[in-house]
Amino acid sequence: MRFLLRLPQTHLRKLSSSMSVLMGSKQFLEFCLLPSFAASSPTCTRGAQRQLSSVSRRFRPVLASRPVSKSSPYHQRPNGVSPYTSISRAPSPVDPEDGAVQSRLANLRLKLADNGIDAQNCPSGQYSGLICPECEGGDSGEKSLSLFIAADCSSATWNCFRGKCGLKGGVRVDGRFTTSVLPVEKVERKVTVDSLELEPLCDEIEDYFAARMISAETLKRNRVMQKRIGDEIVIAFTYWQRGELVSVKYRYLTKKFFQEKNTRRIFYGLDDIEKASEIIIVEGEIDKLAMEEAGFRNCVSVPDGAPASVSSKETPPEEKDTKYKFLWNCNDYLKKASRIVIATDGDGAGQALAEEVARRLGKERCWRVKWPKKSDDEHYKDANEVLMSMGPHSLSEAVRSAEPYPIQGLFSFKDFFDEIDAYYHRTHGHEYGVSSGWKTLDNFYSVVPGELTVVTGVPNSGKSEWIDALLCNLNHSVGWKFALCSMENKVRDHGRKLLEKHVKKPFFDADYGRSVPRMSVEELDEGKLWLDDTFTLIRCELDSLPSIGWVLERAKAAVLRHGIRGLVIDPYNELDHQRTQRQTETEYVSQMLTKIKRFAQHHSCHVWFVAHPKQLQQWDGGPPNLYDISGSAHFINKCDNGIVIHRNRDEKAGPLDLVQICVRKVRNKVAGQIGDAYLCYDRATGLFSDSPITPEKPERRSSRRQ
């Protein structure tokens with residue numbers, strides 16, 4: 001008691017605050033408090049210290065069920081010395097709210113990502129199991145990579161525990177070192193038939209192969225043997241290279257496989273293709289034997305199974321391509337082949353293996369076997385199944401009928417025969433194009449899905465009005481829907497024009513339409529429903545002008561969401577045409593029109609693109625031509641159809657409501673031809689109709705373009 005009275009006031013306050021909690025356990029109180037008091041008190045005798053130390057040692061295994069806060073009186077360290085220095089502790093966790101720590105952790109994760117390691121969900125101070133970026137966990141896809149991030153997030157280390165990989169490495173945030181140790185090179189074992197205790201095949205194994213239509217002669221030539229493991233006999237597929245045994249793959253009759261460790265990975269049957277210019281690659285050793293029964297000895301099998309799917313990563317370099325090391329080991333054999341037939345299994349994994357092999361060997365020299373049909377909706381799986389079910393002749397036919405391996409962007413006409421047949425029989429219904437709705441114009445122009453029509457004409461000639469009328473005709477005849485990117489029109493004005501053409505009555509009781517009664521409220525309501533169902537608007541609400549890429553992205557969304565079949569971009573000069581300093585306007589226009597045509601073809605959507613002509617000098621009043629379009633001659637060079645809209649302004653030349661539709665380019669002769677059609681324009685309703693008269697064409701005088 002005298003000892004306690006001599007304690008500093010801070011210790012007394014700590015003691016009094018804790019008594020209410022620990023008053024029921026005197027020994028626990030001695031364990032938690034007295035050692036620190038004894039160590040800090042100069043009046044405590046050595047004997048008392050030894051006694052207290054023995055009490056402390058007696059209770060050291062006792063730990064709190066939850067961590068004690070550093071601010072707690074039970075966590076104080078008097079005079080800077082811990083009373084528990086003899087107890088081994090884990091490092092104190094870093095405060096997750098520490099901004100500096102979070103910044104280091106973020107930088108560390110970025111450096112790990114550069115090494116192919118995704119550590120977004122890996123905490124600091126712990127070991128985490130991940131998929132190895134090199135071996136990808138092998139065939140089983142196991143999480144073989146152990147990653148440890150330091151508690152203070154200053155560094156990270158990793159190690160792959162798969163024997164065939166051995167990837168190791170580490171990174172630091174401060175950049176003092178960044179290492180990525182390459183996979184450990186294994187010392188290849190030398191194996192022999194005697195050292196592995198291999199035996200000739202017994203009758204039971206030969207019967208097993210006979211059931212699979214593999215003869216004893218084929219087994220002998222390929223040196224298929226057996227090995228006794230305990231009470232079981234396993235098949236031993238021996239891998240030879242130039243007469244030397246380099247590896248063995250074992251197969252239980254239950255279809256369980258394993259290989260000799262630390263041996264060279266090569267193709268099974270490698271010596272059979274040493275001098276072959278055409279080789280066949282299959283997925284399993286039994287398939288290689290089946291190919292020999294069908295007459296093909298120039299066949300090899302991959303040593304490992306197929307991957308679950310095609311890797312989304314780029315093909316790694318040779319030193320890192322551990323999964324397909326056998327391809328690099330056999331490169332001297334493979335580079336001599338001019339034709340490689342890939343006959344892997346027909347399932348998803350087999351197709352993934354075919355893709356991985358082809359992308360490494362070069363698809364341009366690869367062919368792919370398509371296995372025969374087993375039923376209407378199912379194919380045979382592999383070579384041995386075809387041999388067993390259909391015989392060697394059918395297996396041989398399947399190999400000889402192999403097709404060139406698909407290469408992106410490279411096709412043969414055979415790939416499009418179905419489409420050509422449908423075009424010939426007109427099964428789609430729009431092979432000749434869709435009627436414009438005007439008989440006089442149908443002789444020259446019809447609307448074909450997937451084409452681009454460029455429309456031009458001098459100002460106030462009715463380009464937009466004619467396109468709106470054409471869209472209404474297409475909707476009424478075949479039900480097409482459209483997206484409108486019309487920057488020159490206010491929405492309400494554009495809606496009025498379309499409604500007048502649909503209802504066939506003027507929107508207002510104004511001077512332009514007094515000859516026809518105004519549309520009623522009921523007709524307006526019905527027309528609004530039609531507007532909303534037929535048209536989708538593409539409008540940029542920002543102060544900046546939209547780019548062609550921005551417009552096409554919205555048009556793509558309209559195709560998928562609303563099923564539009566036509567797109568109107570009106571006009572060209574209302575788009576944002578930013579280009580690089582080294583790019584000319586001609587080059588820019590060419591690329592822009594290419595984007596539009598690809599959109600039209602990909603989505604089977606017709607595009608009308610309005611472009612204004614240049615300012616014409618010494619204009620004679622006649623229609624301009626497509627080369628007068630401002631910007632580039634590519635407008636006529638790249639479009640499928642080129643149309644000039646021209647309205648008569650001379651009473652002596654004919655009625656003022658006469659509109660000349662000049663078809664100046666038609667790429668598809670099935671859809672039309674070059675020529676002129678004349679339509680009459682009804683100002684009250686905005687409708688166009690076939691003109692009963694065809695005026696004589698005046699002799700065209702040349703015009704000088706600016």
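Student: In which sense do strand β18 and β20 pair, and over how many bridges?

Tutor: Strands of a sheet pair through backbone hydrogen bonds, either parallel or antiparallel. Two strands pair if DSSP finds at least two bridges between them; strands (E, at least two residues) and helices (H or I, at least four) are DSSP runs, numbered from the N terminus. Here, strand β18 (residues 482-486) pairs with β20 in the parallel sense over five bridges. Leu484 has Val568 in β20 as its bridge partner. The model is predicted, so to speak of local features requires pLDDT of at least 70, and side-chain atom pairs count only at pLDDT 80 or more, while totals for chains, interfaces and linings use all residues. Residues are numbered from 1 along each chain as its sequence is written, and side-chain values use heavy atoms, with hydrogens and water left out.

Student: Which strand pairs with β20 over four bridges?

Tutor: That strand is β21 (residues 606-610), again in the parallel sense. In this pairing, Ile569 stands opposite Phe609 of β21.

Student: How many residues of β20 are buried?

Tutor: Buried means under 20% relative accessible area, exposed over 50%, and partly exposed in between (1.4 Å probe, protein chains only). In β20 (residues 566-570), five of the five residues are buried, and the strand is mostly covered. Gly566, Val568 and Asp570 point one way, Leu567 and Ile569 the other way, and all are buried. For the protein chain of 706 residues, the buried share is 44%.

Student: What is the strand order in the open sheet of five strands?

Tutor: The order is β11-β10-β12-β13-β16, and the pairing is mixed. β11 (299-301) and β16 (403-404) stand at the edges with a single partner strand each, so one side of each is left without a neighbour in the sheet. Within this sheet, β10 (residues 278-282) and β12 (residues 339-343) pair in the parallel sense over five bridges. Glu278 has Arg339 in β12 as its bridge partner.

Student: Which strands does α9 lie across?

Tutor: Axes are lines fitted to C-alpha atoms, for helices over the stretch in contact, and angles run from 0 to 180 degrees between N-to-C directions. Contact means heavy atoms within 4.5 Å. Helix α9 lies across β10, β11 and β12, and runs at about 170° to β11.

Student: At what angle do α9 and α13 pack?

Tutor: Angles under 35 degrees count as roughly parallel, over 145 as roughly antiparallel, 65 to 115 as roughly perpendicular and the rest as oblique. Helix α9 (residues 285-293) and α13 pack at about 45°, with their axes 8 Å apart. That angle makes α9 oblique to α13. On the α9 side are Ile286, Asp287, Ala290, Met291 and Glu293, which meet Ala383, Asn384 and Leu387 in α13. By class, this contact has five nonpolar, one polar and two charged residues; Ala, Val, Leu, Ile, Met, Phe, Trp, Tyr, Cys and Pro count as nonpolar, Asp, Glu, Lys and Arg as charged, and the others, Gly among them, as polar.

Student: How do the axes of α13 and α14 cross?

Tutor: The axes of α13 (residues 383-390) and α14 (residues 392-400) come within 7 Å and cross at roughly 140°. That makes α13 oblique to α14. Ala383, Val386, Leu387 and Met390 in α13 meet Pro392, Ser394 and Leu395 in α14. The residues of this contact divide into six nonpolar, one polar and no charged.
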